[in-house]
Amino acid sequence: MSLSFSGQVALVTGGAAGIGRATALAFANEGIKVVVSDVDVAGGEGTVELICAAGGQATFVRCDVSRDAEVKALMDATLAAYGRLDYAFNNAGIEIEKGKLADGSEAEFDAIMGVNVKGVWLCMKYQIPLLLAQGGGAIVNTASVAGLGAAPKMSIYSASKHAVIGLTKSAAVEYAKKKIRVNAVCPAVIDTDMFRRAYAADPKKGEFAAAMHPVGRIGKVEEIATAVLYLCCDNAAFTTGHALAVDGGATAI
Ligand SMILES: NC(=O)c1ccc[n+]([C@@H]2O[C@H](COP(=O)([O-])OP(=O)(O)OC[C@H]3O[C@@H](n4cnc5c(N)ncnc54)[C@H](O)[C@@H]3O)[C@@H](O)[C@H]2O)c1
């Protein structure tokens, strides 16, 4: 059975790299027009070039998801480009924290919460009116396995991803009867720049990361993209308010 998509337009934040880029490419591969958004202009334009080179349609809009006016402008730009919005993948996130809880700073806390939590909230705040006006749509927010349990030395990040799941579930229930589905994807360790930054200093950590997953390896960006497309597709019409772990079995232990 193949996945079925009745929507025509997707928005991907954090689309310049990693999970966001792979998911933008996957949407485009289904014939869906993609608005790629990020603070990284070169990377975002690179994703658009990859989509266009493969025969798809995409446009880049720069947006810092932690800023209200920029997020509102992103939705306006999406409507201006393609006239509608069917699927939103609110994926932009940061992970700058490095120490135990008592070593964290107020600046780290505000930065992580600003992007990972306020960013997702602002995106949904401005996406939902568009989806309501159209009679429905699907939103997927990027949480993490760190949103499902403890993440030692990443307590602020973990709190931010728990909050993403809280926003996801509440929005799902609020808008379920309006045909807006809202789900979260919860990756374990995935091979992206974020992972490489975290493990660059100590190659042994890479082996440790692989061993954390019962399947014996870290995940691939395409494996998250596949889960996001499933959560958006028509076949998932009965799935909302769910936090889907895509984690090589990590949370089953
Ligand atoms: N890689 C992992 O192991 C992993 C695991 C679980 C969850 N995640 C989550 O997946 C998402 C994507 O991460 P990734 O691994 O692809 O990382 P990445 O660093 O490769 O990509 C993140 C993208 O978000 C963009 N971004 C950062 N701040 C932004 C802002 N304020 N506004 C707009 N864009 C911004 C970055 O420029 C970058 O292009 C994040 O939410 C991350 O927390 C990643």
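In which crossing, left-handed or right-handed, does α1 pass α2? Keep that in mind.

First, the ground rules. This is a predicted model: local features need pLDDT of at least 70, side-chain atom pairs count only at pLDDT 80 or more, and totals for chains, interfaces and linings use all residues. Residues are numbered from 1 along each chain, as its sequence is written.

Let's start with the sheet. It is open and has 7 strands, in the order β3-β2-β1-β4-β5-β6-β7, with parallel pairing. Strands here are DSSP runs of E, at least two residues; helices are runs of H or I, at least four residues; both are numbered from the N terminus. Two strands pair if DSSP finds at least two bridges between them. At the edges sit β3 (58-62) and β7 (243-246), each pairing on one side only. From one strand to the next, the twist averages 20°.

Look at one pair. Strand β4 (residues 87-90) and strand β5 (residues 137-142) run parallel, joined by 4 bridges. Y87 has A138 in β5 as its bridge partner.

Now the helices, and back to my question. Helix α1 (residues 18-29) and helix α2 (residues 41-53) have axes that come within 10 Å and cross at roughly 30°. Axes are lines fitted to C-alpha atoms, for helices over the stretch in contact, and angles run from 0 to 180 degrees between N-to-C directions. So α1 is roughly parallel to α2. The cut-offs: under 35 degrees is roughly parallel, over 145 roughly antiparallel, 65 to 115 roughly perpendicular, and the rest oblique. And the answer: α1 passes α2 in a right-handed crossing. That term means the near helix is turned clockwise from the far one by less than a right angle; anticlockwise is left-handed.

Who meets whom? R21, A24, L25 and A28 in α1 meet T47, L50 and I51 in α2. Contact means C-beta atoms, placed from the backbone, within 7 Å.

Next, α1 and helix α8 (residues 221-232). Their axes are 8 Å apart, and they pack at about 55°. The two helices are therefore oblique to each other. This crossing is right-handed too.

Last, the ligand. It is surrounded by 31 residues, the closest being G14, G18, A92, G93 and T192. A residue counts as near if its C-beta atom, placed from the backbone, lies within 6 Å. Helices α1, α4 (106-134) and α6 (193-199) each supply at least two residues of that shell.

Methods:
Two residues are in contact if their C-beta atoms, placed from the backbone, lie within 7 Å.
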